[in-house]
Structure formats: structure tokens, C-alpha cells
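Subject: Handover of a structure and notes on its side-chain contacts

Dear colleague,

Please find the structure below, together with its sequence. I would be grateful if you would read the notes that follow with the structure open beside them.

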Amino acid sequence: MKLTMWTYEGPPHVGAMRIAASMQGVHYVLHAPQGDTYADLLFTMIERRPSRPPVTYTTFQARDLAGSTADVFKTACRDAVQRFQPDALLVGASCTAELLQDDPAGLARTLDVGIPVVPLELPSYQKKEAWGAAETFYRLVRNFAGGRERPTEIAPNSCNILGPSALGFRNRDDVTEICRLLSANGIDVRVVAPLGATVADLARLPDAAFNIVLYPEIAESAARYLKKTFGMPFVSTVPIGIGATRTFLAEVRALAGLSNDEPVGEAEDRATWYSRSVDSNYLTNKRVFVFGDATHAIAAARIAARELGFKVCGLGTYMREFAREVREAAEEFGVEALISDDHLDVEQAIIEARPELVLGTQMERHIAKRLRVPCAVISAPVHVQDFPARYSPQMGFEGANVIFDSWVHPLMMGLEEHLLQMFRDDFEFNDQAQASHLHGHAPEASVSVAEVADTDALVLADAPATDASWTPDAERELKKIPFFVRGKARRNTELFAARRGIRPITVETLYDAKAHFAR
């Protein structure tokens, strides 16, 4: 086990909590010591839920180890059923409680609480959060849909949506957008699970003609079980981006027996025209580094390359279970996939790739801020600002519009900031210039240009050094170059210096290299 400041995924019992918190009428009894209740904050603070997740902790203490912690667990189960009266009970252990080997799954079988009990065996030291969520959802589907008889007559245009869950990146809005899009195309959505579903809804899953897997990390194993048991086909194309949404609708309409006419809803696509407009043309071939969960990372890379004209210079995921899919996607763009859950590895890869835009999680947002590179968040784990109050889907045609705004605007703002930096010494734009609309009545600037320069030097000293061979003056001069050509200027200068054995790189070296490559 490796201690780290940031983690991309929690232990598998956090994934089980995500499923319990997503559904209605499901309660989770977690055998855990005092102090393992931190996960509540993920839902109440980060996701802004109005109530805490439906979880009861045994919260045993050190003194309880002298007796029977198994009795503590059984008492907690009975009390939870009596107090919350759920339709089903999930039981499991946290990573710390797993060391006690009390076997909550076995103890649960001895309980007579009057409701179905689904035991979870989640190996905390081999698996992580997304796997725990997928395994929990699979167990629930198997328990409540497994014994059902599939109707003989099923409407071919009926489907279920599987995968959206609590703490998922924009899952709530994605469900709204995809349900609206499917309804407009004549598709009847029967059940959405686990988000908002009940135990009775899970029992109705076999009543639909096919399933739609929006998030493979959560629902692929359950969808494969339903296909094997009931012969239900499933659509696994994730509708993130214009091209993927068109493919998704074509596959759904084919399974539903509908015509191959142009799908309804495409008129809402504004991202395609915007990406071809004059305002976006200067962003063509901008270098983009992508990192996140498998679904969003693969989709983001394809959107960046095929729909916005960016160049993917890095692609990776922290989910080892989907390493093969990410490696196959990386081959499309001629890069080597990064499969790692160590944020320091990701930071080093970003430094080496020298992107002009980073698309990642909240970890990559911090990394990009330190490196002064624009960034947009595309994937969990995220912080509170990525659960907006506004409608902000990632899927469908409206989702593509949101993505265009979220990705392109950081680049445009970055350009604006660098233009201001380039002209900061101009007589009209320097820091001591009075506001033009106030004329002589404007108060004098309280901070001088020299003071600002000193502040910049301090910031530069605190920033991580990307290459020790650059002097501070040269680094400061390099930052005056607009970000959209700065990477090329750095590479050319380092190549020029390496060929001539120059070390360290000074301001003179930078301009000598510029003159050399301008010939």
C-alpha cells in the first residue's frame, strides 16, 4: 500500500455506498471502526445531497475488540431495519474491518430481519471504488431480476438505461438529456438504474427489449448478466460527442426496429458549427492531454481529435480494469496510454507532453494550475464546483454544446491573459495606467510595475521547475510568448541549446534559437 496526498478512487465499500445512495429503499450496513464514516462527506459536501447516504456504520471501538464485534454487527443490522424500514439491506465491511475477518456476508445469512439481505464481499486490498460499485449493482440485479420470468410479448422499442449513479460526473443531467432524446426518437425508457431506482424497478428489468449501458464502469457486468440470462442485447456506445451520439441513436433505432431516418434532436447541435467558425480556427492542432475514467477519457480524446481539431498528445486512465480499451484508443492517436493511479506519474507525463490544454479530473486541474496550462474537468473524481446547480449534461447533442463551451473557453481566456501580459508595458495597458473611462478622476494604482515584477519572480520561484537548465530570466521571457506557440518555442530552444552544448539556457539563447529557426 502506498500513501498519497490524492487518490482517484476510494476503497470498494465507497463504490457500494454510491449504489446505495443512488437507489430508493436500499440501506447499507457497513461493518467499520470509528473513523471510517468519512465517506459521508463525499455525498453531503461534494455532491450537495440534501440528506446523508442511507448507510449505518457499526463504528466499533478498540475496547469492543475484547468482546464480539460480530454481535455489534448483527445488532446494527436489526436496528437499521427497524429504524429505516428499507426494502432491501446491503451488508459489507470497510477495508479496516475486513482485517477482523468477522465475515458480514456469513453473519447476514443468519439474520432474520424480514427483508431481502444482499451480502457483499468486496476485497478492499485488491479492488477499488468503481469495481465495488459495479459488483454491488450486479449483485442487486442478480438478486432481484434473476428469478423473474421474461414476458413473451415485449415492445421492441422498450429499453432500460443502466449505469448512472451518485457521485458520477454529471450523471443526473445525462439521464435527463438521454431520456428526452430517446423519447423524441420513439424509444420507451422503462427503468433507469441504479440512479433513482427501487428494488421493484430492478425486478422489472427483464420486461424491456434491450438495455443501454451509459457507464460501462458501473453497469457492464450487470448488462452482460441480463444478456446471458434473458437474451437482452445491450447498446454500449456512449453518446458523448456528436459522432458518438449519432452512432448511439442509429444502434438504438436499429434494435428498436425503427427506420434509419435522420434521428430527431440533431438540430440542437451547435458545437459542430462553432468548431468550424473563425473564432475556433486558430485553436486547430492545439495539443491536448486527456486523463480520467475510461468512459470519459476515451470519449474526450475522440471529440478533441475528430470534432474540435485538437492534437491528442497524451491519454490515460486510473482504471486498470479498462486498460485494454484505453490502450486501443491511444493507438488511434499515436500515443502511449498512461495507466496509473499515482497523480505524480500523471503530473510528470503532463510536463513531458507539454500540452496547451489539459482535460482531466480535479487532480489534473491542480496540476495544470501549477503549470499555468488551461484545464477543463471531464471526469470524476471531482470537487463541489463540478456538481453545478445549472443543467450541464455531457451526453447527447446538448452535452456536446456544453463540452464545446467547457473546453474552448479556457483556451480563449488563456489567450486573453497572455495578450494582456504581452502588452503590460504599453502606455495604455501597463499596471499604472488609469482606467480610460475615468480620465483624470481615476485613483492611482497602488501597486507598481516593479512590485508586480517582483511578485511574478516569487511565483516563478515557487512554481515547479520543468527544466533545471533554464535560468529564471529565460523562463520569465518564455512566459511572454503566447501559450499557443510557447510549447514549440521551448522545444526549439532546447533543441538549439542541446546541439551547441549550451547550459543553462539564458534569454540570449532563447533569441538566438528564435533567429536560427526563423531563417
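A residue is called buried if its relative accessible area is under 20%, exposed if it is over 50%, and partly exposed in between, with a 1.4 Å probe and protein chains only. This is a predicted model, in which local features need pLDDT of at least 70 and side-chain atom pairs count only at pLDDT 80 or more, while totals for chains, interfaces and linings use all residues. Residues are numbered from 1 along each chain as its sequence is written, and side-chain values use heavy atoms, with hydrogens and water left out.

Salt bridges

A salt bridge is counted when a side-chain nitrogen of Lys or Arg lies within 4 Å of a carboxyl oxygen of Asp or Glu. The structure holds 21 of them.

One joins K479 to E475, with 3.9 Å from N to O. E475 is buried because its relative accessibility is 8%, whereas K479, at 22%, counts as partly exposed. Through shared partners, salt bridges connect R354, E475, K479, R490 and E494 into one network. R490 has a further contact: its charged end sits over the ring of W470, 5.0 Å from the ring centre. For this contact, NZ of Lys or CZ of Arg must be within 6 Å of the ring centre and within 35 degrees of the ring normal.

Another salt bridge is formed by E347 and R370, whose closest N and O atoms are 3.2 Å apart. E347 belongs to helix α14 and R370 to helix α15 (residues 362–371), so the pair ties together parts that are 23 residues apart in sequence. Helices (H or I, at least four residues) and strands (E, at least two) are DSSP runs, numbered from the N terminus. E347 is buried at 9% relative accessibility, while R370 is partly exposed at 45%.

R320 and D341 also form a salt bridge, with 4.0 Å between the closest N and O atoms. R320 is in the loop between β10 (311–317) and α13 (323–332), and D341 is in the loop between β11 (338–339) and α14 (343–353), 21 residues apart. With 52% relative accessibility, R320 is exposed; D341, with 26%, is partly exposed.

Aromatic pairs

Rings of Phe, Tyr and Trp (its six-membered ring) pair if their centres lie within 6.5 Å; planes under 30 degrees apart count as stacked, over 60 as edge-to-face and the rest as tilted. Four aromatic pairs are found by this rule.

Y138 and Y225 make an edge-to-face pair, 5.8 Å centre to centre with 90° between the planes. Y138 is in helix α5 (residues 129–145) and Y225 in helix α8 (residues 216–230), so this pair ties together parts that are 87 residues apart in sequence. Y138 is buried at 15% relative accessibility, and Y225 is buried at 13%.

F291 and Y318 form a tilted pair, with 6.3 Å between centres and 45° between planes. F291 lies in strand β9 (residues 287–292) and Y318 in the loop between β10 and α13, so parts that are 27 residues apart in sequence are tied together. Both F291 and Y318 are buried. Together with Y8, F291 and Y318 form one aromatic cluster.

Cysteines

A disulfide is a pair of cysteine sulfur atoms within 2.5 Å, and the count by this rule is zero. C77 is buried at 0% relative accessibility, and C313 is buried at 14%.

Yours sincerely
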